[in-house]
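Good morning, and thank you for the time. Please look at the structure as I speak.

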Amino acid sequence: MTITQLRAFVYAAEHGSFTSAATRLGVSQPTISALIRKLEEHHELPLFIRTGRKLALTAAGSELLGWARQIVETAELADEALVELRGIQRGSISLGVLRNANFYFLPDMVERFHRRRPNVNLRLFGQNSFEVVEGVRNGQLEAGIVVLPVPDEELEVFPLVQDEVLWASIHPERVAAPVSIEQIVSNPVVLYDASYSWNDPTRRQLSERAQERGLRLQPRLEVEYLEAALELVKRGLGDTMVSRAVTQNVNFPPEIHVASFDTPLYDTIAVIRRRNSVYSPAIRELIDIVNDILKERAYGNGRPGRTNLVQGGREGEDERA
């Protein structure tokens, strides 16, 4: 089994034909057919059903595809790493980011990375951590920065930082003291991330707290974006959750009051990647920049209790990267 055979197999599976795979590899269609045939003969198992104009994977082909894709992508990343070592600083990288990345690191990250690698194109994806997880799993994203908890099958997770989640209201009496889940469900609630609903990690934490007390958290209003939720809170239509990093932003509405939960609630921000994968040098540098920014904001503002670095997060990542 060779990289060339596996590459031919992966491209044929992704494009549905030997001809398309041959075009992508710059070889003839018979060459692709021969490479696939050698794979099938070696294992004495058919990998494709050759009916009609489009190839279909057999059970053996489906089993092989995930492994083959990982091997091919790792080989390509290794090649890219060697190219980087020769001093070539071009290409594109894709990173998934959490919903509120703009409040944590995104503008500074982009600026610093662009200054270091002005010829590398940076693509940032994701409106919710759940979406980023799916992008990393299916190989569309090399890595992602998400809020935990997330489903971690097939993933490696490296915690970076914790940020406290607060409860926000236009009514100061509702947040004059730490807020209980019983208080929350007794007043109108506005929640954002409507598309992902209870798949959103922070919403899941709230829901679990309610369930533990036999309660159900039912929002009166659901919107897509945090900014819209805060506007509705300003107008007195309900209360919402918000991370402390958001409240420290200059654009946070001064009319809105916040309080901690009676049992403090935290978002944990983490890096994720597919299990046993490796970072390209550019992605590694990008994640290092994010980590530096989070450290600066945790300990460089004179208020270390507001955002806390998770101990051991980066150390474990460095050992396994």
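I begin with Ser-243, which lies in strand β9, residues 240-243. Helices and strands here are DSSP runs, numbered from the N terminus: helices are H or I with at least four residues, strands are E with at least two. Please note that this is a predicted model, in which local features need pLDDT of at least 70 and side-chain atom pairs count only at pLDDT 80 or more, while totals for chains, interfaces and linings use all residues. Residues are numbered from 1 along each chain as its sequence is written, and side-chain values use heavy atoms, with hydrogens and water left out.

Is Ser-243 buried or exposed? Ser-243 counts as buried because its relative accessible area is 3%; buried means under 20%, exposed over 50%, and partly exposed in between, with a 1.4 Å probe and protein chains only. Setting aside residues up to four places away in sequence, Ser-243 touches Asn-100, Tyr-104, Asp-163, Glu-164 and Val-165, where contact means heavy atoms within 4.5 Å.

Arg-174 sits in the loop between β6 and α8 (181-185) and is partly exposed, because its relative accessibility is 23%. Beyond its neighbours within four places in sequence, its contacts include Gln-183, Asn-187 and Asp-239. The C-alpha atoms of Arg-174 and Ile-184 are 8.9 Å apart, and the two residues are ten apart in sequence.

Among the buried residues of α1 are Leu-6, Phe-9 and Tyr-11. Just after α1, Gly-16 takes a positive phi of about 80°.

Next come the aromatic rings. How many aromatic pairs does the structure hold? There are four aromatic pairs. Rings of Phe, Tyr and Trp (its six-membered ring) pair if their centres lie within 6.5 Å; planes under 30 degrees apart are stacked, over 60 edge-to-face, and the rest tilted. One of the pairs joins Phe-18 and Phe-48 edge-to-face, at 5.8 Å centre to centre and 80° between the planes. This pair links distant parts of the chain, with Phe-18 in helix α2 (residues 18-25) and Phe-48 in strand β1 (residues 48-51), 30 residues apart. Phe-18 counts as buried because its relative accessibility is 10%, and Phe-48 because its value is 4%. Trp-167 and Phe-261 form another edge-to-face pair, 6.1 Å centre to centre with 65° between the planes. Here Trp-167 is in strand β6 (residues 155-169) and Phe-261 in the loop between β10 (257-259) and β11 (265-274), 94 residues apart. Both Trp-167 and Phe-261 are buried. Phe-9, Phe-18 and Phe-48 form one aromatic cluster.

I close with the whole chain. Its secondary structure comes to 13 helices and twelve strands. Buried residues make up 45% of the 321 residues. Among contacts between residues at least 6 apart in sequence, 75% join residues at least 24 apart.
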